[in-house]
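I am opening a new notebook page. I want to look up a few residues, see what surrounds them, and write down what I find.

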Amino acid sequence: MKESLWAIMIVILGLFCIGLIYFFQSVTNTDEHNYILLKETTEAAMLDAVDLATYRKTGQIRIDTEKFVENFSRRFAQNANLARTYRIEIYDVVETPPKVSLQVLTSESTTSTGELLQFNIANRLDAILETPY
């Protein structure tokens, strides 16, 4: 009887550890997915928002704020995970020289311990558009 209780305890402990590993893997994957998506989407939206008329006239690289916000939100929505809720905060858009500061917030939650645990994941990015001469 004593050995069977130890076996049950080890099985329960193993299941609990597997649940914790699954949860932290999910948090890590969410964070990595958000960061890569944020980085790639920002770069593509900045390139799309370059004002070509100003560049042809003066040779100065300038981005259009409204066009950047529109392209960023469209591209981010196309590639985001539909099972999560995102909050995009754009702090600063400088048109000349092209610089953008933004943050994407999402949350991950679990009830593996019987109570609701919620983690907020924030990815912040400051990007400057660089082009070779």
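In which segment is Leu-129 found? I looked it up and found Leu-129 in the segment after β3. The model I am reading is a predicted one.

**Entry 1: Leu-129**

I checked the accessibility of Leu-129 next. Its relative accessibility is 16%, and buried means under 20%, so Leu-129 counts as buried. I then looked up what Leu-129 touches, not counting residues up to four places away in sequence. The list is Met-46, Leu-47, Val-50, Ile-61, Ile-63 and Pro-98. For Met-46 I also noted the C-alpha separation from Leu-129, which is 7.0 Å. Along the chain these two residues are 83 residues apart.

**Entry 2: aromatic rings**

How many aromatic pairs does a search of the whole structure find? The search finds three. I looked at Phe-72 and Phe-76, whose rings are 5.8 Å apart centre to centre, with 25° between the planes. Planes under 30 degrees apart count as stacked, and this pair is stacked. Why are Phe-72 and Phe-76 separated by about one helical turn? They are four residues apart in helix α3, which covers residues 65–79, and therefore about one helical turn separates them. I noted that both Phe-72 and Phe-76 are buried.

Phe-76 also pairs with Tyr-86. The ring centres of Phe-76 and Tyr-86 are 5.3 Å apart and the planes are at 90°, so I wrote this pair down as edge-to-face. Phe-76 lies in helix α3, while Tyr-86 lies in the loop between α3 and β1, so the pair ties together parts that are ten residues apart in sequence. I also recorded that Phe-68, Phe-72, Phe-76 and Tyr-86 form one aromatic cluster.

Phe-76 has a relative accessibility of 3% and so counts as buried. I listed its contacts, leaving aside its neighbours within four places in sequence: Leu-37, Thr-41, Tyr-86, Ile-88 and Val-104.

Which residues have the most contacts inside the largest nonpolar core? They are Ile-63, Phe-68, Phe-72, Phe-76 and Val-100, in a core of 19 residues. I checked which elements supply this core, and α1, α3, β2 and β3 each give at least two residues. The largest share comes from α1, with four residues.

I found Glu-89 in strand β1. Its side chain is joined to the side chain of Arg-87 by a polar contact of 2.8 Å. Leaving aside neighbours within four places in sequence, Glu-89 is in contact with Ser-101, Leu-102, Gln-103 and Leu-105.

I moved on to Pro-97, in the loop between β1 and β2. Is the peptide bond from Thr-96 to Pro-97 cis or trans? I read it as cis, with omega near -15°. For background, most peptide bonds are trans.

**Entry 3: salt bridges**

I looked up the salt bridges and the count comes to six. One of them joins the side chains of Arg-75 and Asp-48, at 2.5 Å from N to O. This pair links distant parts of the chain, with Arg-75 in helix α3 and Asp-48 in helix α1, 27 residues apart. Arg-75 is partly exposed at a relative accessible area of 26%, and Asp-48 is partly exposed at 31%.

Glu-95 forms a salt bridge with Arg-62, and their closest N and O atoms are 2.8 Å apart. Glu-95 lies in the loop between β1 and β2 and Arg-62 in the loop between α2 and α3, so the pair ties together parts that are 33 residues apart in sequence. The relative accessible area of Glu-95 is 24%, which makes Glu-95 partly exposed. For Arg-62 I noted 24% and partly exposed. I also wrote down a network of salt bridges that links Asp-51, Arg-62 and Glu-95.

Asp-126 counts as partly exposed at 49% relative accessibility, and Arg-124 is partly exposed with a relative accessible area of 47%.

Definitions and conventions:
Residues numbered from 1 in each chain as written. Predicted model: local features only at pLDDT ≥ 70, side-chain atom pairs only at ≥ 80, totals over all residues. Heavy atoms only, no water. Phe/Tyr/Trp six-rings, centres within 6.5 Å; stacked < 30°, edge-to-face > 60°. Buried < 20%, exposed > 50% of the residue type's maximum accessible area, 1.4 Å probe, protein only. Core = buried A, V, L, I, M, F, W, Y, C linked by side-chain atoms within 4.5 Å. Contact = heavy atoms within 4.5 Å. Polar contact = N/O pair within 3.5 Å; in protein donor to acceptor, adjacent residues only side chain to side chain. Salt bridge = Lys/Arg side-chain N within 4 Å of Asp/Glu carboxyl O.
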